[in-house]
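Welcome! Take a look at the structure below, and then we can walk through it together with a few questions and answers.

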Amino acid sequence: MADKRLLRTQTSNNQVRYGEKHHPPIKAIFPGNVFRNEATDAKHETTFMQLEGLYIDKNVNVGHLFWTLDYFFKKIYGDNIKIRFRPHHFPYTEPSFEVDVEFRGKWFELLGSGMVHPKVIENMGIDPNEYSGFAFGLGIDRLVMLKYNIEDIRHFHAGDLRFLKQFK
Amino acid sequence: MQVLFSWLKDYVEVEQDESKIADLLTLSGTSVESIIRKLDDNIVVGEIKEILPHPNAYRLQIAKVSNGIEDLQIVCGAPNIAIGQKVPLALVGTKLENFEIKRAEIRGVESFGMMCSEIELGIGCDHSGIKILPDNYKIGEKINKYITGDSVFDIEITPNRGDCLSHLGIAREIAAVTNRQLKSPQPLKIDCQEKEEFKIEITDIDKCPQYSAILIKNIKVGQSPEWLVKRLNSLGAKSINNIVDITNYIMLDWGQPLHAFDADKINNRTIFVRPARKGELLQLLDGKTINLNENNLVIADTTKALALAGVMGGKNSEVDETTKNILIESAEFNAINVRKTSKLKGISTEASYRFERGIDSGKVLESAKYAAQKITEICGGEILQMIYEGQKPNQKLVKFESDKINSLLGSSLTKTEMIEIFSKLEFVVNGSEVNVPLWRHDINIWQDLAEEIGRIYGFSKIEKKEVGKSSLIENNEYLIKEKTKDLLANCGFSESLNYVFLSQKDIAIAKLNADDLLELINPIQQENKYLRNSLIPGLLKNVAKNPSFDPILLFEIGHVFNKKEETTNLSIVASGKQAKQRIESCIDDLEKGLQIKLKTQIDKIEREELIDYKIRKPEVYFIEMNIDIITKNAKLTNKIIQENENIINYRPISKFPPAVRDLAFIVSKNINNEDIIKTIYKEVDKLLLADLFDEFVSEKIGIDQKSLAYHIYLQDMEKALSDSEVNEIISKIINILKDKFKAQLRS
């Protein structure tokens with residue numbers, strides 16, 4: 001916009017905003033719409049919903065992250081779902097992981113996560129020597145598309161009752 | 001990044017096959033996206049059934065080769081074939097290294113494929129004859145089931161891992177995850193005459209910490225040897241000439257971008273590494289001329305710029321077929337500066353890509369030597385001078401905190417186990433510190449070391465640990481919104497999520513004042529430049545879009561914007577059958593369910609105005625309110641969000657409009673609506689939706705009976721359904737429900 005404000009491209013900023021105002025233990029999720037400069041097609045959208053999660057406490061470790069995401073995906077896709085944690089790189093977490101979920105014999109990347117970088121914890125005004133935590137972020141649209149085998153991401157914003165009523 | 005599997009074997013010997021190696025790499029952070037196998041599926045095991053002389057060529061023979069189904073006639077020039085042999089048979093359509101097998105006529109005889117030698121298969125060097133296969137291979141089976149050909153790994157390298165942009169780097173990862181010894185390149189000794197011919201001066205050491213060059217005289221520019229061309233081609237790189245090919249080869253091998261200047265095109269035997277002058281022009285190797293400024297670093301001689309540092313060489317000093325003497329450059333350029341230059345000039349090259357991610361600071365001079373060695377081996381010439389300017393990189397030490405690493409990973413590794421993992425990655429532990437190799441620019445704090453430990457140890461071995469539950473905040477805003485949605489959905493309203501953008505046309509139709517709206521400077525679609533200040537225009541568009549539904553019941557909870565603030569609104573619209581009553585009753589339900597009082601006025605849009613929205617209905621009713629009215633006042637009695645118990649069987653939506661019929665059935669009271677819907681869904685593939693719109697019990701229809709009424713939406717993905725097709729499907733549904741549930745159609 002002319003006043004230099006921007007339609008947000010991700011929800012990650014909520015982590016620091018929330019962390020600045022709250023003391024650990026922090027357990028929070030932040031859902032919200034985000035906007036991207038994308039050419040739209042069946043797989044790409046300019047507007048979609050992200051879900052961000054943050055947990056900060058004493059002695060939080062990778063095992064807690066794995067448990068949480070395992071629990072989450074089993075709740076969404078059922079107990080038989082196979083998931084894997086693949087080391088990756090994100091600037092705000094260390095170590096970082098991408099999480100893949102298996103559908104029809106193929107792995108689908110669904111989520112980015114990791115242990116919150118000490119610098120980010122420090123920026124919340126929290127002592128990274130005392131506290132640690134994990135964070136994750138994922139696109140809700142893709143999560144739902146895989147669950148119901150939806151062929152086109154644009155259905156979510158089309159206001160088409162033929163689509164909406166199938167999920168009432 | 002693409003790597004050739006056989007090339008990796010220069011540095012590490014592995015027992016596992018490609019797929020296993022790919023999995024190990026993926027799970028340790030270098031994700032193998034695909035494996036491109038070089039042995040085509042069209043090459044099968046063939047058996048030679050018959051051999052006849054070629055009528056027109058005494059060196060050729062005609063073989064009849066079985067592919068397991070039929071005997072194919074193959075013209076062949078190899079001397080070593082005999083009846084009964086099993087051979088690799090490339091069928092028509094096979095893609096080999098440089099060509100595709102086609103049906104051909106060879107000296108007047110048709111040939112339907114090719115028998116292959118080792119070299120043609122790309123699995124060895126033997127070109128003396130056809131590769132004869134062992135007897136136990138099954139005729140007709142794909143050859144790649146038995147013989148592993150070469151493969152290319154397509155790997156996603158994250159931006160922090162510049163060290164993996166080479167075969168050596170990937171081999172190092174493989175060695176670490178397979179527990180093998182990496183065959184590290186040994187320091188090179190080259191035969192240099194140590195003449196003093198060229199001078200190098202770096203004027204900006206921050207942007208170029210190291211610069212080395214080797215002068216080689218009397219080389220012969222020409223074609224590269226076959227092995228070199230083959231390796232480059234396998235990775236999609238074109239062979240240009242032996243000098244350029246060698247520099248490209250070394251970049252792919254070790255990750256160090258190199259550049260070769262024609263030494264005779266450099267004025268006064270002087271190289272300056274300096275900021276460009278404002279307005280200085282340079283024609284690059286790709287022919288484009290760029291206008292430089294002080295922020296760009298150039299390689300120059302006394303009179304002109306020769307290259308854009310770390311990005312691309314210049315045309316004026318290019319190596320061509322007449323070149324006799326060359327100067328090989330191997331340098332380290334500042335990652336941030338290369339990224340800026342590359343981005344601002346819109347030029348991205350294999351070299352800039354690597355400098356941006358950080359090269360091996362310890363191998364700058366060594367790479368120049370490697371190039372000199374290969375060049376003198378392949379192109380002849382003698383090494384006259386070797387120059388190194390700049391500052392040797394400092395050792396990087398990071399504190400080794402084994403307890404902290406364990407507590408972050410949730411592991412319980414001993415110090416010794418950690419040291420062992422470090423040594424696999426060539427990290428050297430010195431007491432309480434870890435000496436980080438010079439190719440790992442991404443390792444700076446103990447958390448970075450923890451990641452290294454975790455990914456090589458294997459994150460799959462980390463035990464999952466339950467996180468304790470915590471209670472929800474009282475009257476959580478999010479929860480109230482979700483409750484509101486549940487209540488509206490239970491009243492038959494569907495939730496819409498419209499885009500926040502409005503076009504000029506939208507605001508004209510809705511009679512909104514553009515001055516009240518926030519405007520985007522750079523909208524994705526030029527016409528959608530306004531941000532909505534109401535949810536109604538979007539919902540009315542939705543009403544227009546769904547003419548086959550009656551009633552149309554929609555709501556949205558979404559952000560709206562004006563010049564002062566951003567708020568969240570709730571809007572509800574209804575059109576068609578009993579529209580007003582439907583809104584009234586859902587407001588009732590909201591008030592009861594959330595224990596609030598809503599002073600809402602239901603507004604109405606009349607037919608004339610609706611025409612502008614392309615809505616052909618007598619009226620549309622709507623309300624809109626700030627959601628705060630609800631979230632600030634609601635009291636929740638139960639904090640559980642309703643789970644959708646219905647089984648959702650999603651069907652994709654046809655481009656063609658649906659056909660809609662209403663059906664009402666009388667069934668026994670104990671029959672479940674869900675079972676009826678499931679049955680129709682299963683039996684009728686053209687069913688899009690069976691929407692229950694009415695359910696009642698009445699004495700008129702009988703005791704223990706009930707009436708269920710459905711809107712049935714039918715569609716076809718390929719066409720609009722005709723009346724007779726629709727009628728046929730409808731009678732099918734009636735019959736199925738009659739058979740299965742004894743359902744009686746109400747007339």
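**Getting to know chain B**

This is a predicted model, where local features need pLDDT of at least 70, side-chain atom pairs count only at pLDDT 80 or more, and totals for chains, interfaces and linings use all residues. Residues are numbered from 1 along each chain as its sequence is written, while chains are lettered from A and ligands numbered from 1 in the order in which they are written.

Q: In S31(B), which residue is the bridge partner of B:Ser575?
A: Let's begin with the strands, which are DSSP runs of E with at least two residues, numbered from the N terminus (helices are runs of H or I with at least four). S29(B) and strand S31 (residues 619-626) of chain B are antiparallel and share seven bridges; two strands pair if DSSP finds at least two bridges between them. The partner of B:Ser575 in S31(B) is B:Val620.

Q: How many bridges join strand S28 (residues 552-561) of chain B to S29(B)?
A: S28(B) and S29(B) form a hairpin, with four residues between them. Within the pair, B:Glu556 stands opposite B:Ser571 of S29(B). The two strands run antiparallel, and the number of bridges joining them is 10.

Q: How many of the 10 residues of strand S29 (residues 566-575) of chain B are buried?
A: A residue is buried if 20 or more other C-beta atoms lie within 10 Å of its own, exposed if 12 or fewer, and partly exposed in between, with C-beta atoms placed from the backbone. Strand S29 of chain B is mostly covered, and its buried residues number seven.

Q: Which element of chain B gives the largest share of the side that touches chain A?
A: The contact takes 54 residues from chain B and 42 residues from chain A, where two residues are in contact if their C-beta atoms, placed from the backbone, lie within 7 Å. Several elements of chain B each supply at least two residues to that side, including helix H2 (18-27), helix H12 (446-457) and strand S33 (687-696). The largest share, six residues, comes from H12(B).
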